[in-house]
Structure formats: C-alpha cells, structure tokens
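Dear colleague,

I am handing over the structure that we discussed, and my notes on it follow below. Please read them beside the coordinates.

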Amino acid sequence: MADAAFSICVYLGSRPGDNPLFTEAAVAVGRWIGRHGGQLVYGGGRSGLMGTVAEATRLAGGRVVGIIPQALVDKELANHLCDELHVVTSMHERKAMMAERSDAFLALPGGIGTLEELFEVWTWRQLGYHDKPVGLLDTDGYYGGLLDFLRHSERCGLMSEWQMGLIRTGTEPAALLAALVQDAGLSASTIPLRDVI
C-alpha cells in the first residue's frame, strides 16, 4: 500500500470486555481506517479490543503500526502481523512515539490505560504541545458516566467549556472518524473494493 492518507492513533482495551458492541465498534473503526486509505497507530498488542482493531484495519487494506514496551510484549502478546512493530523501553517512549506518528487520536472503550492515554493527549492539546484532534467514541453509553463527571467538573469551576471543546465525542464510528480526519486538515480516500478483498 502507498503512503497512508492519514494516521489515527486508537486507544482501547487489551481485554475484549463483556459487551459485544465494543468488539463491533473496534471492527468498525479498523475497517473504516483501512477502507479509507489510512494508517492505524496503536499499542501493538494482539489481545482484546487492541487485537480486534488491528486485524480489522489490516484486513481492510490499512497499514498497522504497533508500539509496545518490552515489559508488555509477553503480557499483551505483541502483534507480529503489524506493518511496523516498534518495541520500546518504556510507556513514556510508547506514548510519545504514538503521538508523533499520528494525525488524530481516538479512544474506544478501555480500562485505566486507555483513560490515562486519553487524558494525557487531551492535556497535551490544552497546553499547546500539539493541535491534533482528539475523539471519544461513546459506544453503548460506556463513557456516559465519565462525560457526566466532566460536565460536573465544569459546573464546579475546575474545568472550562473551552477545555471540553478540545475533545470531540460521538457514538457512530464512521461519522466521528470522518470528523477527526477533517479536523486534522486531511482527507480520507476510498480504497477500491477489489484492493480490500
């Protein structure tokens, strides 16, 4: 495949979770990236939702870049089917490389690692370390409680409307991905179906 039209960093769980809609969302995200000539940048694992989004991207013709610390290679079962698999020394190096290689960021359902990555890249945008769009896919209300809390924090004067405006939320993968790519000033091409099959 030629150079990708865009590069999306996806944060999501290394576990599958109990809701099949989470898996469906990971598949939909991966397929959209692949079918629109994009590149997935993610945590490099082949288990859980991480493995699902990577495989869906690969099967749809997209490039897959995995970045994983050595300490997690065995625990998260590194995905050797990636077009690029970078084994790094620390979580700091992992997150920095993921951010550097991406045009936009998207969080799907996940645990504390996903939340930590989302909040860090959101904070970096607030501080002006980057101006790349950040998205949150609220699949089946998974992030509803978190979004309620963030609005509560805003009402309490500890966050601002401007900060909340730095993150784009949505429930439909295709619409949210298209908006993030557009916000990044890029365009999504469409791969001919014969090249995907």
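Which residues of helix 1 are buried? They are F22, A25, A26, V29, G30, W32, I33 and G34, where buried means under 20% relative accessible area, exposed over 50% and partly exposed in between, with a 1.4 Å probe and protein chains only.

Before going further, please note that this is a predicted model, in which local features need pLDDT of at least 70 and side-chain atom pairs count only at pLDDT 80 or more, whereas totals for chains, interfaces and linings use all residues. Residues are numbered from 1 along each chain as its sequence is written, and side-chain values use heavy atoms, with hydrogens and water left out.

**Helices 1 and 2**

Helices (H or I, at least four residues) and strands (E, at least two) are DSSP runs, numbered from the N terminus. The buried residues of helix 1 (20-35) pack against strand 1, strand 2, helix 2, strand 5, strand 6 and helix 8 (173-183), contact being heavy atoms within 4.5 Å.

In helix 2 (residues 48-59), the buried residues are G48, L49, M50, G51, V53, A54, A56 and T57, and their packing partners are helix 1, strand 2 (38-42), strand 3 (63-69) and helix 4. The 12 residues of helix 2 should span 16 Å, and the distance of 17 Å between its end C-alpha atoms agrees with this. Just after helix 2, G61 takes a positive phi of about 95°.

**Salt bridges**

The structure holds eight salt bridges, each being a side-chain nitrogen of Lys or Arg within 4 Å of a carboxyl oxygen of Asp or Glu. One of them joins E55 to R58, with the closest N and O atoms 2.7 Å apart. Because these two residues are three apart in helix 2, E55 and R58 are separated by about one helical turn. An α-helix has 3.6 residues a turn, so residues three or four places apart point the same way. Both ends of this pair are partly exposed, E55 with a relative accessible area of 29% and R58 with one of 33%.

A second example is the salt bridge of R101 with E84, whose closest N and O atoms are 2.9 Å apart. This pair links distant parts of the chain, since R101 is in the loop between helix 4 (91-100) and strand 5 (104-107) while E84 is in strand 4 (residues 84-88), 17 residues apart. R101 counts as partly exposed, at 25% relative accessibility, and R63, E84 and R101 are linked in a network of salt bridges. R125 and D131 also meet in a salt bridge, at 3.5 Å from N to O, and D131 counts as exposed at 63% relative accessibility.

**Pocket and cavity**

On a 1 Å grid over the protein atoms alone, a cavity is a set of points where a 1.4 Å probe fits but cannot get out, and a pocket is an open set with protein on both sides within 12 Å along at least five of seven lines; lining residues have an atom within 4 Å of a point. Grid points are joined across faces, edges and corners, and a volume is the space filled by probe spheres set on the points.

The largest pocket holds about 480 Å³ of space and is lined by 27 residues, of which L12, G13, S14, G111 and T114 lie nearest its centre. Helix 5 supplies the largest share of this lining, four residues. By class, the lining of the largest pocket has 14 nonpolar, eight polar and five charged residues, where Ala, Val, Leu, Ile, Met, Phe, Trp, Tyr, Cys and Pro count as nonpolar, Asp, Glu, Lys and Arg as charged, and the others, Gly among them, as polar.

There is one cavity of 30 Å³ or more, with a volume of about 40 Å³, and its lining consists of Y11, K95, E117, E120, V121 and W124. Helix 5 (residues 112-126) gives the most to this lining, with four residues.

**A loop residue**

D140, in the loop between strand 6 (134-137) and helix 6 (144-155), has a positive phi near 50° although D140 is not a glycine, and D140 is exposed, with a relative accessible area of 53%.

With best wishes

Notes
Expected span 1.5 Å × (residues − 1).
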